[in-house]
Amino acid sequence: MQGRMADREDQRAFRLMGNDPAACFMTDAEGRLILRNTAAEKRFGADVRSLHDALSERVVDPAGRLMRLQRGAEATGAATEDIIGHASILRLTAHYAGRGRWFWRADDLALPDEADIARADRPDRGPLAGGSTDLEEVPLAIMTFGPDGVMRIANHAARELMWNGETRAAMFHDLFEGLGRPVSEWLADVVAGRHPGGAEVLRVRSNDEERFLQVTLRRYVDAGRPAALAILNDATRLKTLEAQFVQSQKMQAIGQLAGGIAHDFNNLLTAISGHCDLLLLRHGREDVEFADLEQIRQNANRAASLVGQLLAFSRKQTLNPEVLDLEDVLSDLTHLLNRLLVERVEMTLGHLGREESKPLGRIRADKRQIEQVLMNLVVNARDAMPDGGTVRIETEPVTLTEDLKRDRATVPAGDYSVIRVIDRGVGIPELQLRQIFEPFFTTKRLGEGTGLGLSMAYGIVKQSGGFIFVDSAVGEGTTFSLYFPVFEGADHPLPVAEPKRVASKQGEGVVLLVEDEASVRAFASRALSLRGYTVLEAANAEEALAKLADKSLHVDLFVTDVVMPGMDGPAWVRRAHVDRPNVKVIFMSGYAEDGLAEDQARVPNSVFLPKPFSLNELTNTVQGLLG
């Protein structure tokens, strides 16, 4: 009886809203429709059974919104929220009627016109629109866009991510870029249903630092009109790591390519300079052809120097490491470095450890290559000070108590001898610092640098077990810091043939020459034959072992390339030494292949001859071994 009376009271109360031009509903606690007026039927249809169904095509997350409004109305008597749609603003108001009943009113409000939006960007007015109230406090950055790319909603998290909390009007293509095609086309395809949406990493278009966002785009229907919902996540660190990985892959590929090219070039240069030396034997200085031949030889040497830079970058050059005292090295090098400077630039040298009576530890490296690195850095410092200044070179003993991590490198804890080359020149912009050690990248003007100097320095330092870092500020100068681990062990230098000025001496003995490059083999064979040696030739290791199968064949020396098709040089020599243990060996190579030092150490009576080599270098090395 009381229930029927309550229902009649609800109906009488609701009749007051029957002719209301706004859509009005009465629902129970679950949102099921109990009553609705004529405007509600016209607006949302006569078939809907719940307020959730009525709003589902117009509102993102209608269940959450309705729950919040119900709780607000139950607590205070009424609650209101505005939903910004494509063509209007839907204002939804809930009134608590008691007994588990709620009255709802849905008003359509006009959107601001273009003039209002334009005024919203004026500094003397507050922003026009912020986030939709149902998404405002969601802890995810969410935006919605119309098919034309106009941003409709940006919740609080999105505004914090994009504009540090400010509210702005924006277009999708004004916010993002980086798909390889216009981002507006991606948005239009998603809204039209031609693309299922998904996640893409896009670059934020701004004048600030480079930032990337992962934008997940999904289609949804807003008041019967399709739109796009975008969820944003900061992907800057992910993109940075990806770029670093791609860069390391690229550098590794370039290094492998440079090493391979340099190795092949060294073979060609060996043949060119070698045959040029053979021609020079038949032409004296008085011959008209002598000057031309000398030019060929000098340019071949210049080409060999450039190839050496490529090998240094690829870290496949041949190093002759020895224990070095850096103070002695710098003392010997100072005179040469001063000759590299112009009148307006001077150089100072300081050893910081002396002030604290801390000796600079010895390092193990190739002295010639370390000198080359320092010369390159000093020349760069000189060029960075066109108006003059001072280049300072300083050394310092440094002990790291924990790992030093910087510039994607980790320097292990321990004792280091540090060299710094400091200038107060023009400095290097931050964006260029990321590329400073890349091959063929230069900050100098066109025609003033090869772009290989710093990449070569990087390769030499890394191949020597050290680290190189750069600090720079535009207008303040640049500091290059080289960290070399202190060497504590005994010095065991790799045996290298010492050049001797006795090339005219005739030799005797049998030499087995193994070289897969025909032009190099032809030159070496003729050069050794001219010096009186009997030369047996083989194009590969297998052919050499076949010749040695003849036990009656006497051989005094093996001269072999290291890297060859099939069996390599150290492998076949070790096999040949089983039956001929006393035969001496000369290993030739365009670069030091990984593990060559260990392989050579296991081969007794062996020396290394780097390519390209001249006629005299080859014959002197052979004479040095055979006496």
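Analyst: We may. Please note that this is a predicted model.

User: Which residues of the largest nonpolar core touch the most other members?

Analyst: A nonpolar core is a set of buried residues, such as Val, Leu and Phe, joined through side-chain atoms within 4.5 Å. The largest one here has 37 residues, and Val391, Ile393, Phe480 and Leu482 touch the most other members. Helix α13, residues 367–383, supplies the largest share of this core, with seven residues. There is also a second, separate core of 25 residues, which includes Met151, Ala170, Phe172 and Leu217.

User: How should I read a sheet, and what is the order of the strands in the open sheet of five?

Analyst: The order here is β13-β15-β18-β20-β19, and the pairing is mixed. β13 (345–351) and β19 are the edge strands, each pairing on one side only. On average, neighbouring strands of this sheet are turned by 20° against each other, direction ignored.

User: How many bridges join β13 to β15, and which residue is the bridge partner of methionine 347?

Analyst: β13 and strand β15, residues 389–400, run parallel and are joined by seven bridges. The bridge partner of methionine 347 is valine 391 in β15. Threonine 348 stands opposite arginine 392, also in β15. Between β15 and β18 there are nine bridges, and these two strands run antiparallel.

User: What is the strand order of the open sheet of six strands?

Analyst: The order is β7-β6-β11-β10-β9-β8, with antiparallel pairing. The edge strands are β7 (151–154) and β8 (176–177), each of which pairs on one side only. Within the sheet, strand β6 (residues 141–145) pairs with strand β11 (residues 225–234) over five bridges in the antiparallel sense. Methionine 143 has alanine 230 of β11 as its bridge partner. Helix α6, residues 156–163, lies across β6, β7, β8, β9, β10 and β11, at about 95° to β6. Helix α8, residues 183–192, lies across β6, β8, β9, β10 and β11, at about 35° to β10.

User: How many aromatic pairs does the structure hold, and why is the pair of phenylalanine 469 and tyrosine 483 called edge-to-face?

Analyst: To classify such a pair, one looks at the distance between ring centres and the angle between ring planes. The structure holds nine aromatic pairs. The ring centres of phenylalanine 469 and tyrosine 483 are 5.8 Å apart and the planes stand at 75°, so this pair is edge-to-face; planes over 60 degrees apart count as such. Phenylalanine 469 lies in strand β19 (residues 467–473) and tyrosine 483 in strand β20 (residues 477–485), so the pair ties together parts that are 14 residues apart in sequence. Phe145, Phe172, Phe176 and Trp186 form one aromatic cluster.

User: Is phenylalanine 469 buried or exposed?

Analyst: Buried means under 20% relative accessible area. Phenylalanine 469 has 3% and therefore counts as buried. Tyrosine 483, at 12%, is also buried.

User: How many disulfides does the structure hold?

Analyst: The structure holds zero disulfides. Cysteine 24 is buried at 1% relative accessible area, and cysteine 276 is buried at 4%.

User: Where is leucine 615 placed, and which residues does leucine 615 contact?

Analyst: Leucine 615 is in helix α20, residues 615–626, and is buried with a relative accessible area of 2%. Leaving aside neighbours within four places in sequence, leucine 615 is in contact with Asp277, Leu278, Leu281, Phe523, Ala527 and Arg531. Phenylalanine 523 is 92 residues from leucine 615 along the chain, yet their C-alpha atoms are separated by 8.4 Å.

Notes. Residues numbered from 1 in each chain as written. Predicted model: local features only at pLDDT ≥ 70, side-chain atom pairs only at ≥ 80, totals over all residues. Heavy atoms only, no water. Buried < 20%, exposed > 50% of the residue type's maximum accessible area, 1.4 Å probe, protein only. Helix = DSSP H or I, 4+ residues; strand = E, 2+ residues; numbered from the N terminus. Disulfide = S-S within 2.5 Å. Phe/Tyr/Trp six-rings, centres within 6.5 Å; stacked < 30°, edge-to-face > 60°. Pairing = 2+ DSSP bridges. Axes fitted to C-alpha atoms, helices over the stretch in contact; angles between N-to-C directions. Contact = heavy atoms within 4.5 Å.
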